[in-house]
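Me: Got a structure to go through with you. Can we take it piece by piece?

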Amino acid sequence: QVQLVESGGGLVQAGGSLRLSCAASGRTFSSYFLGWFRQAPGKEREIVAAIWWSFGLTYYADSVKGRFTISRDDAKNTMYLQMNGLKPEDTGVYYCNFLNNWNAKKPYDYWGQGTQVTVSS
């Protein structure tokens, strides 16, 4: 069990930007694939973006493509989600997690507390 720590959420107006960070201790991200997920009020948790760490392969949900960018910093063992052009429908709790299957984008069972993103109209 590894604790994943998300940070960077907040309250922004529509059209604004936020950068979320995801860090973990106990192991590095270098050999894995990871994803950002979000859960909006009253909705199921959905994948937003994913990255195959070692090779830089990325995936984006259609709803965020062109607005969100997933990236990594090997030295800091940190994953980021740069969110630009935020919309009210982006509101939710954002989580990061390891994926145990790249094609299916299946997350592991260990979730952190997440970070709240609220986008006002």
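Me: Where is G42 placed?
Reply: G42 sits in the loop between β4 (33-39) and β5 (46-52). Keep in mind that this is a predicted model.

Me: Is G42 buried or exposed?
Reply: Exposed. Its relative accessible area is 89%, and the cut-off for exposed is over 50%.

Me: How far apart are G42 and G92, in sequence and in space?
Reply: They are 50 residues apart in sequence. C-alpha to C-alpha, the distance is 9.8 Å.

Me: What else does T115 touch?
Reply: Leaving out residues up to four places away in sequence, T115 also touches E6, S7, G8, G9, L20, V93 and Y94.

Me: What does the T115 side chain reach, and at what distance?
Reply: The backbone nitrogen of G9, at 3.0 Å.

Me: And is T115 buried or exposed?
Reply: Buried. The relative accessible area of T115 is 10%, so it falls under the 20% cut-off.

Me: Switching to backbone angles. What is phi for N77?
Reply: Positive, about 50 degrees, although N77 is not a glycine.

Me: Where is N77, and is it buried or exposed?
Reply: N77 is in the loop between β7 (68-73) and β8 (78-83). It is buried, with a relative accessible area of 14%.

Me: What about phi of K105?
Reply: Near 60 degrees. That is a positive value in a residue other than glycine.

Me: Which loop holds K105, and is K105 buried or exposed?
Reply: The loop between β9 (92-101) and β10 (106-107). K105 is buried, at 14% relative accessible area.

Me: Zooming out. How many helices and strands in the protein chain?
Reply: Zero helices and eleven strands. The radius of gyration is 13 Å, close to the 14 Å from the globule rule for 121 residues, so the chain is as compact as a globular protein of that length.

Me: What box do the C-alpha atoms fill?
Reply: Roughly 40 × 25 × 25 Å along the principal axes.

Me: How much of the chain is buried?
Reply: Buried residues make up 41% of the 121. The chain exposes about 6500 Å². Carbon and sulfur atoms supply 45% of that area.

Me: Last one, charges. How many positive and negative side chains?
Reply: 12 positive and 9 negative. The centres of the two sets lie 3 Å apart.

Key
Residues are numbered from 1 along each chain as its sequence is written. This is a predicted model: local features need pLDDT of at least 70, side-chain atom pairs count only at pLDDT 80 or more; totals for chains, interfaces and linings use all residues. Side-chain values use heavy atoms; hydrogens and water are left out. Helices (H or I, at least four residues) and strands (E, at least two) are DSSP runs, numbered from the N terminus. The radius of gyration is taken over C-alpha atoms; the globule rule is 2.2 Å times the number of residues to the power 0.38. Buried means under 20% relative accessible area, exposed over 50%, partly exposed in between (1.4 Å probe, protein chains only). Accessible areas come from the Shrake-Rupley method with a 1.4 Å probe; for residues, only the protein chains shown count as cover. Lys and Arg count as positive and Asp and Glu as negative; His and the chain ends are not counted. The place of a charge is taken as NZ of Lys, CZ of Arg, CG of Asp or CD of Glu. A polar contact is a pair of N or O atoms within 3.5 Å; within protein, one must be able to donate a hydrogen and the other to accept it, and residues adjacent in sequence count only if both atoms are side-chain atoms. Contact means heavy atoms within 4.5 Å.
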